[in-house]
Amino acid sequence: MSPKVNAQDSRETANGNSQTIELLRSALNSDPNPAKGGGDISIVGGAALLPESGPSGTIADISVGNVHGSISVYTVRSGDTLSQIAKMFGVSVNTVVWANNIKNGVIRPGDSLVILPISGVQHIVKKGDTVASIAKKYSADAREVALFNNLSENAKLAVGDEVTIPDGEMAFPASFAPAPRVRGAGGPTYEGYYLRPILGGRKTQGLHGYNGVDLASYYGAPVFASAEGEVIVARYDGWNGGYGKYIVISHPNGTQTLYSHLSQVITYVGRQVPRGELIGNIGSTGNSTGPHLHFEIRGARNPF
C-alpha cells in the first residue's frame with residue numbers, strides 16, 4: 001500500500017517561522033496520458049479520426065458531424081470487423097467496402113481504410129430493371145452502382161430489392177431543375193495561401209462535389225502541392241470511390257487539399273511536402289472521362 005500524500009506540508013524553518021510547501025499530487029487517473037483516442041486513433045483538429053491518417057467529392061459526401069468535411073483514414077486493428085468500423089464513423093458497411101475496393105468482406109490488421117460517407121439515391125427494383133438501366137435513369141455510372149451494392153454489372157435483380165445509386169440524380173422538369181450540388185464551399189478565405197496545383201491548363205468545371213474544381217491539361221502534366229503540409233493519403237491504384245489514384249494533404253492551417261484522377265502518385269503517406277513540390281501527374285483514373293485534375297479544398301474557400 002502506497003503512503004498517503006498530502007497536498008501541502010507545513011514545516012518549521014531555522015528561525016522558527018512556519019513555511020508551507022506545495023507537494024506533488026499523485027495522478028488521479030490510472031493512465032498518466034489519458035488525452036488520446038482509443039486504439040491508436042488520434043483526434044485531429046477536434047474532429048477527424050486519423051490513426052495514421054482520407055476522400056470525397058465527385059461522388060462522395062462527408063457526414064454533417066465531420067467538422068469542415070475533413071477526410072478520415074482508419075487503420076484496422078486486430079479483432080475489428082467492417083460493421084464495427086462502419087458504426088464508429090456512422091456510415092454503412094457498403095460505404096466502407098465500396099470506397100476501399102474490399103473483396104469478399106476481408107480486412108486485415110494494418111489495412112488503411114478510407115472512410116467515404118456518400119450521397120446518393122435509393123431505388124426500388126421494378127420488373128425489367130438492370131444495373132445499367134438504373135444507372136442511366138439517375139445519370140450515374142453502372143460500375144459504381146455495381147461496386148457499391150456488391151453486384152456484378154450483369155447481375156439479375158429481384159423485384160422489390162433496394163439499390164443505392166452513388167451520386168444519383170433525380171430527373172426534374174427543365175423549369176424545376178435544381179442547381180448543381182456543392183458542399184463545403186464556405187469557410188474562410190486564405191488569400192494567397194493556396195498555389196494553383198497545375199501550370200497553365202484550363203478549368204473545365206467549376207465548383208462541384210465537395211468544394212472541388214476540374215482543371216484540365218495534357219496527360220502526364222505535373223501536379224504540385226497547393227500548400228505545405230503532410231501527406232495523409234496516397235493511393236497508387238484502384239477505383240477508390242471514383243477518385244482513382246489520388247492524394248490528400250493536411251495543412252498547418254487546419255485545412256486539407258485533395259488531388260484525384262492522377263496517372264501517377266509520386267509521394268507517400270507521412271511526407272512533409274513544401275508548397276509547390278511535385279506530387280503526381282495528371283491522368284484519367286477513377287470516374288473520369290479525360291485527363292484532368294479534380295482539386296478539392298476542405299475547410300476553406302476554393303480560389304480556383
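**Contacts, cores and ring pairs in a predicted model**

Leaving aside its neighbours within four places in sequence, V269 is in contact with V231, I232, V233 and A234, contact meaning heavy atoms within 4.5 Å. The structure is a predicted model, in which local features need pLDDT of at least 70 and side-chain atom pairs count only at pLDDT 80 or more, while totals for chains, interfaces and linings use all residues. Residues are numbered from 1 along each chain as its sequence is written, and side-chain values use heavy atoms, with hydrogens and water left out.

V269 is placed in the loop between β15 and β16 (272–273). Helices (H or I, at least four residues) and strands (E, at least two) are DSSP runs, numbered from the N terminus. With a relative accessible area of 40%, V269 is partly exposed; buried means under 20% relative accessible area, exposed over 50%, and partly exposed in between, for a 1.4 Å probe and protein chains only. V269 and I247 are 22 residues apart in sequence, and their C-alpha atoms are 8.9 Å apart in space.

I247 is also one of the residues that touch the most other members of the largest nonpolar core, which has 23 residues; the others are V223, I249, Y259, I279, L293 and F295. A nonpolar core is a set of buried Ala, Val, Leu, Ile, Met, Phe, Trp, Tyr and Cys residues joined through side-chain atoms within 4.5 Å. Two or more residues of this core come from each of β11, β13 (229–235), β14 (245–250), β15 (256–265), β17 (278–282) and β18 (292–298). Another core, of 13 residues, lies apart from it and includes A86, I107, L113 and I115.

Of the 5 residues of β17, 4 are buried, and the strand is thus mostly covered. Strands count as paired if DSSP finds at least two bridges between them. β17 runs antiparallel to strand β12 (residues 222–224), to which 3 bridges join it, and F224 has L278 of β17 as its bridge partner. β15 and β17 also pair in the antiparallel sense, over 3 bridges, with Q264 opposite N281 in β17. H261 lies in strand β15 and counts as buried at 1% relative accessibility.

Most residues other than glycine have a negative phi, and most peptide bonds are trans. Phi of H261, however, is positive, near 70°. N211, which is not a glycine either, has a positive phi of about 55°. N211 is in the loop between β10 (202–210) and β11 (212–216), and at 0% relative accessibility it counts as buried. The side chain of N211 reaches the backbone oxygen of I297 at 2.7 Å, and a polar atom of that side chain lies 2.8 Å from the backbone oxygen of A300. A polar contact is a pair of N or O atoms within 3.5 Å; within protein, one must be able to donate a hydrogen and the other to accept it, and residues adjacent in sequence count only if both atoms are side-chain atoms.

Strand β5 (residues 72–75) pairs with strand β6 (residues 112–115) in the antiparallel sense over 4 bridges. In β6, I115 is the bridge partner of S72. In a regular strand the side chains alternate between the two faces of the sheet. From β5, S72 and Y74 point one way and V73 and T75 the other way, and all are buried.

Helix α1 (residues 82–89) has L82, I85, A86 and F89 as its buried residues. Seen down the axis of α1, these residues fall within an arc of 100°, so they line one face of the helix; the arc is that of the directions from the helix axis to the C-beta atoms. After α1 comes G90, with a positive phi near 70°.

The structure holds 7 aromatic pairs. Rings of Phe, Tyr and Trp (its six-membered ring) pair if their centres lie within 6.5 Å; planes under 30 degrees apart count as stacked, over 60 as edge-to-face and the rest as tilted. Y74 and F89 form an edge-to-face pair, at 6.0 Å centre to centre and 75° between the planes. This pair links distant parts of the chain, with Y74 in strand β5 and F89 in helix α1, 15 residues apart. Both Y74 and F89 are buried. The rings of Y190 and Y193 have their centres 5.9 Å apart and their planes at 50°, so this pair is tilted. Y190 is partly exposed at a relative accessible area of 31%, and Y193 is partly exposed at 23%. Ring pairs link Y190, Y193 and Y194 into a cluster.
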